Amino acid sequence: MLATGALAAVDYPQPGGLTWGQLAGLTATALATDGCAGWSVCIYNPDLDPGRDGADAIISYIIQAITASDQPAR
């Protein structure tokens, strides 16, 4: 779960949560394991994101995760 400060466009904001950087690190670790078949992105309310900053952040996160997972392991 992301921190409300990182993504406010959710219907039920909760205290605490991850930063985008923390989420990206966890995602990269999970996608690098053989047992990970994929992941889901959910609970985005565009009505709460008039400037679409949250949408832009989600798209950037997904692109970063996909790009990183396509890189060969070192």
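Predicted model: local features only at pLDDT ≥ 70, side-chain atom pairs only at ≥ 80, totals over all residues.
Me: OK. Where is Asn45?
Reply: Asn45 sits in the loop between α1 (20-31) and α2 (53-69).

Me: Buried or exposed?
Reply: Asn45 has a relative accessible area of 16%. The cut-off for buried is under 20%, so Asn45 counts as buried.

Me: What does Asn45 touch?
Reply: Not counting residues up to four places away in sequence, Asn45 touches Ala9 and Asp11. With Asp11 there is a side-chain to side-chain polar contact of 2.5 Å.

Me: Switching to α1. What should its residues span, and how far apart are the end C-alpha atoms?
Reply: The 12 residues of α1 should span 16 Å at 1.5 Å a residue. The end C-alpha atoms are 16 Å apart, which agrees.

Me: Which residues of α1 are buried?
Reply: Leu23, Ala24 and Thr27. They are on the same side of α1, because they cover an arc of only 100 degrees around the axis.

Me: And what is exposed on the other side?
Reply: Gly21, Leu26 and Thr29 are exposed there.

Me: What is Leu23 in contact with?
Reply: Leaving aside neighbours within four places in sequence, Leu23 is in contact with Leu2, Leu18 and Tyr61. Leu23 also belongs to the largest nonpolar core, which has 7 residues in all.

Me: On to the rings. How many aromatic pairs?
Reply: The structure holds 2. One of them is Trp20 with Tyr61, a tilted pair at 5.8 Å centre to centre with 45 degrees between the planes.

Me: What does the pair of Trp20 and Tyr61 tie together?
Reply: Trp20 lies in helix α1 and Tyr61 in helix α2, so the pair ties together parts 41 residues apart in sequence. Tyr61 is buried, with a relative accessible area of 7%.

Me: What about Trp39 and Tyr61?
Reply: Their ring centres are 6.5 Å apart and their planes are at 85 degrees, so the pair is edge-to-face. This pair also links distant parts of the chain, with Trp39 in the loop between α1 and α2 and Tyr61 in helix α2, 22 residues apart.

Me: How accessible are the two Trp residues?
Reply: Trp20 is partly exposed, with a relative accessible area of 21%. Trp39 is also partly exposed, at 36%.

Me: Which residues form the aromatic cluster?
Reply: Trp20, Trp39 and Tyr61 form one cluster.

Technical notes:
Residues numbered from 1 in each chain as written. Heavy atoms only, no water. Helix = DSSP H or I, 4+ residues; strand = E, 2+ residues; numbered from the N terminus. Buried < 20%, exposed > 50% of the residue type's maximum accessible area, 1.4 Å probe, protein only. Polar contact = N/O pair within 3.5 Å; in protein donor to acceptor, adjacent residues only side chain to side chain. Contact = heavy atoms within 4.5 Å. Core = buried A, V, L, I, M, F, W, Y, C linked by side-chain atoms within 4.5 Å. Expected span 1.5 Å × (residues − 1). Arc of directions from axis to C-beta. Phe/Tyr/Trp six-rings, centres within 6.5 Å; stacked < 30°, edge-to-face > 60°.
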